[in-house]
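Q: Hey, can we go through this structure together? I'd like to start with the helices.
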Amino acid sequence: MNLDKFDLAILKVLQGNARASLNEIGAAVGLSSTPCWNRIKRMETAGVIRGYTVDIDPAMLGYMDTVIVHVTLESHSEETLYEFGRALADIPEVLEAFLVSGDYDYFIRIAVRDTRDYERLLREQLYRIPGIRHSKSSFVLRRLKEMPLPLVPKGPGPAAQAG
């Protein structure tokens, strides 16, 4: 899907405040409410806008720590990868999981209350998943940067023509 400057401007407003009214969005991007609404609906239908969320402070709910877990599996068969991904989906504390290239197979971001909570999660859930050969855990000490997706017009080249 090709996005023009108005679409990108609308997305920028929504990234900053997903609850912005059509009037607020229109005023910010220089369009009236109806064209804004039509563009938003078009981007929702195309899957550019996947949904709307609330940004919750994990610490306010007791999740004081974030752990990045690097996992290597015994096997790389389609069945093993599928089952591992399915098992991770059943662990609520797993916030994100990435199948990656390099020394490890997965990078997993986990929210925990403290080190004891993480030890419990390892024993009761993560280490019960069949096929794990090796894992390494790193506690996040401080988040240095968190940004919304950059919204810039596509430049020339093959990536600009896709979509």
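This is a predicted model: local features need pLDDT of at least 70, side-chain atom pairs count only at pLDDT 80 or more; totals for chains, interfaces and linings use all residues.

Q: OK, how far does helix 1 reach from its first C-alpha to its last?
A: Helix 1 (residues 5–16) reaches 17 Å with its twelve residues, close to the expected 16 Å.

Q: Which residues of helix 1 are buried?
A: Asp7, Leu8, Ile10, Leu11 and Leu14 are. Buried means under 20% relative accessible area, exposed over 50%, and partly exposed in between (1.4 Å probe, protein chains only).

Q: Why are those on the same side of helix 1?
A: They cover an arc of only 160° around the axis, so they end up on the same side of helix 1. That arc is taken from the directions from the helix axis to the C-beta atoms. As a general point, an α-helix has 3.6 residues a turn, so residues three or four places apart point the same way.

Q: What's on the other side of helix 1?
A: Lys5, Lys12 and Gly16, which are exposed there. The buried residues, meanwhile, pack against helix 2 (22–29) and helix 3; contact means heavy atoms within 4.5 Å.

Q: Let's jump to helix 4. Which of its residues are buried?
A: Leu81, Phe84 and Leu88. Their arc around the axis is only 65°, which puts them on the same side of helix 4.

Q: And what covers the buried residues of helix 4?
A: The cover includes strand 1, strand 2 (94–99), strand 3 (106–112) and strand 4 (132–139). On the face turned away from the buried side, helix 4 has the exposed residues Glu78, Glu79, Tyr82 and Ala89.

Q: New topic: how many salt bridges does a search of the whole structure find?
A: Eleven. A salt bridge is a side-chain nitrogen of Lys or Arg within 4 Å of a carboxyl oxygen of Asp or Glu.

Q: Can you walk me through one?
A: Take Arg39 and Asp4, whose side chains meet at 2.8 Å, N to O. Arg39 lies in helix 3 and Asp4 in the segment before helix 1, so the pair ties together parts that are 35 residues apart in sequence. Arg39 is buried, at 18% relative accessible area, and Asp4 is partly exposed, at 31%. Both belong to a network of salt bridges that links Asp4, Asp7, Arg39 and Arg42.

Q: Which residue does Arg109 pair with in a salt bridge?
A: Glu96, again at 2.8 Å, N to O. Arg109 is in strand 3 and Glu96 in strand 2, 13 residues apart, and the pair links distant parts of the chain.

Q: What does Thr66 touch?
A: Leaving out residues up to four places away in sequence, Thr66 touches Arg109, Ile110, Ser138, Phe139 and Val140. Thr66 is in strand 1. Thr66 and Ile110 are 44 residues apart in sequence, yet 5.6 Å apart in space, C-alpha to C-alpha.

Definitions and conventions:
Residues are numbered from 1 along each chain as its sequence is written. Side-chain values use heavy atoms; hydrogens and water are left out. Helices (H or I, at least four residues) and strands (E, at least two) are DSSP runs, numbered from the N terminus. The expected span of a helix is 1.5 Å times one less than its number of residues.
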